[in-house]
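Welcome, and please load the model in your viewer. We will go from stop to stop, selecting a few residues each time.

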Amino acid sequence: MELKNNSYLIQGLDVLKIAKEFGTPVYVYDAEKITQQLQTLKNAFSNQRVKIKFAAKALTNINILKLIREQGAGVDVVSIQEAHLAIKAGFKPEEILFTPNCVSFDEILEGVELGLIINIDNISILEQFGHRFRHKVPCCIRLNPHIMAGGNHKISTGHVDSKFGISIYQLPHLMRVIKTNDIKVIGLHMHTGSDILDAEIFLKMAEILYGIAMEFPELEFIDFGSGFKVGYKENDIVTNVYDLGLKLGKSFENFCESYGRKLEMWFEPGKYVVSDAGILLVRVNVIKTTPATVFVGVNSGMNHLLRPMMYDAYHNIINVSNPKGIQRVYSVVGYICETDTFGWDRKIHEVREGDILAIRNAGAYGFSMSSNYNSRFRPAEVLVYKGKAHLIRERETMEDLLARQVEIELN
Ligand SMILES: *Cc1c(COP(=O)(O)O)cnc(C)c1O
């Protein structure tokens with residue numbers, strides 16, 4: 001989204017016109033930005049045999065998945081339903097990495113039947129897997145290196161009391177299970193969370209993986225997960241992927257040399273690919289002055305964008321209707337009967353009832369975490385593709401709210 005001659009534009013299209021045409025609240029995604037992000041990653045690792053597996057849970061609209069597939073990326077899914085969506089979007093099963101956590105063995109079996117690459121993060125599942133398939137079906141192992149990514153406990157997955165991955169301290173047990181069942185391990189995986197700032201943490205994680213990798217003679221890839229930090233505030237530090245490409249690339253080359261073969265280097269970015277490409281457009285219902293603050297009440301809430309309430313996530317908020325107005329201090333809140341604050345003490349160009357606000361960085365974990373709480377409809381989704389705005393999901397209606405409800409006789 002760029003400001004030009006007093007209007008906010010996406011690929012030259014006026015954002016206010018998009019809000020008018022499709023109504024609000026509406027998620028709007030910029031296909032060009034998604035393509036650019038993927039391209040930047042590819043460029044940063046152009047010296048490696050790199051594979052990008054988009055973390056589908058960030059944004060699962062089938063058109064987005066198709067767009068990402070067309071860019072040559074694969075996909076990482078965390079449920080069998082996401083796997084089915086990915087297959088529907090045209091991904092081949094072998095391009096899909098299945099990384100579930102705490103699912104039943106039956107769901108793993110479904111993944112095997114579909115032909116997905118299974119990423120196992122639990123020794124009990126690995127035992128069942130090995131007992132069933134021996135060397136016939138390869139798998140990937142998710143390890144927990146116990147590295148704390150960023151400062152936010154809720155989005156960090158590598159710390160000691162995390163439920164994700166097999167602890168590196170369980171390596172002796174892990175190796176016993178693998179040898180006893182003759183399990184074919186073709187990949188090692190680590191994903192420590194979403195807030196890694198610099199190459200140093202990746203390098204630390206990589207060193208741990210390299211050491212362990214020497215024990216696995218049949219590897220085809222090492223998956224470094226995600227952790228690419230994107231900017232939410234104006235001067236936020238973001239992961240410098242070119243710096244990472246150079247440093248991690250070099251360490252990976254050294255490793256491959258000692259390993260004796262050139263392996264593939266995998267990443268699973270979600271936010272990095274789609275966060276900044278998406279905005280949530282909302283309309284201002286009311287301005288409400290209280291002794292404490294001036295509230296801006298909008299026609300959306302935590303039912304549509306949960307991140308601020310769930311993770312204390314900061315999302316920049318812009319008044320698209322009044323880009324040149326004087327700046328004042330507001331607290332932007334939703335219409336849900338809960339405290340659903342989008343942002344406290346925000347300086348925003350003067351807000352009037354009826355104005356359209358854009359909540360930025362809404363592409364990742366926006367729609368995909370939305371719900372019908374308060375019996376509100378989930379928003380529409382629009383994709384700006386090649387200079388044209390396309391509706392890619394209709395706004396819900398009363399029929400959707402009642403679709404699966406079964407009315408019984410009460411007397
Ligand atoms: C969620 C997730 C990702 C993506 O994380 P981002 O912070 O969105 O980049 C990658 N890998 C796994 C296994 C995940 O669960």
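## Stop one: Leu116

Select Leu116 to begin: this residue counts as buried because its relative accessibility is 6% (buried means under 20% relative accessible area, exposed over 50%, partly exposed in between, with a 1.4 Å probe and protein chains only). Before moving on, note that this is a predicted model, in which local features need pLDDT of at least 70 and side-chain atom pairs count only at pLDDT 80 or more, while totals for chains, interfaces and linings use all residues. Residues are numbered from 1 along each chain as its sequence is written, and side-chain values use heavy atoms, with hydrogens and water left out.

Leu116 sits in the loop between α5 (105-114) and β8 (117-120); helices (H or I, at least four residues) and strands (E, at least two) are DSSP runs, numbered from the N terminus. Which residues does Leu116 touch, not counting those up to four places away in sequence? Show Ile80, Ala83, Ile87, Pro93, Ile96, Phe98 and Gly111, where contact means heavy atoms within 4.5 Å.

## Stop two: the cysteines

A disulfide is a covalent bond between the sulfur atoms of two cysteines. Cys140 counts as buried, at 0% relative accessibility.

Next, pick Cys256. Its sulfur is too far for a bond, because the closest cysteine sulfur, in Cys140, is 15 Å away. Cys256 also counts as buried, with 4% relative accessibility.

## Stop three: a sheet of three strands

Now display β1, β2 and β3, which form an open sheet in that order with antiparallel pairing (two strands pair if DSSP finds at least two bridges between them). β1 (2-4) and β3 (13-14) are at the edges with a single partner strand each, so one side of each has no neighbour in the sheet. Strand β2 (residues 7-10) runs antiparallel to β3, and two bridges join them. Zoom in on Ile10 to find Leu13 of β3 opposite.

## Last stop: Phe377

Finish with Phe377, in the loop between β19 (356-359) and β20 (380-385). Is Phe377 buried or partly exposed? Phe377 counts as partly exposed, at 30% relative accessibility.

Notes: Disulfide = S-S within 2.5 Å.
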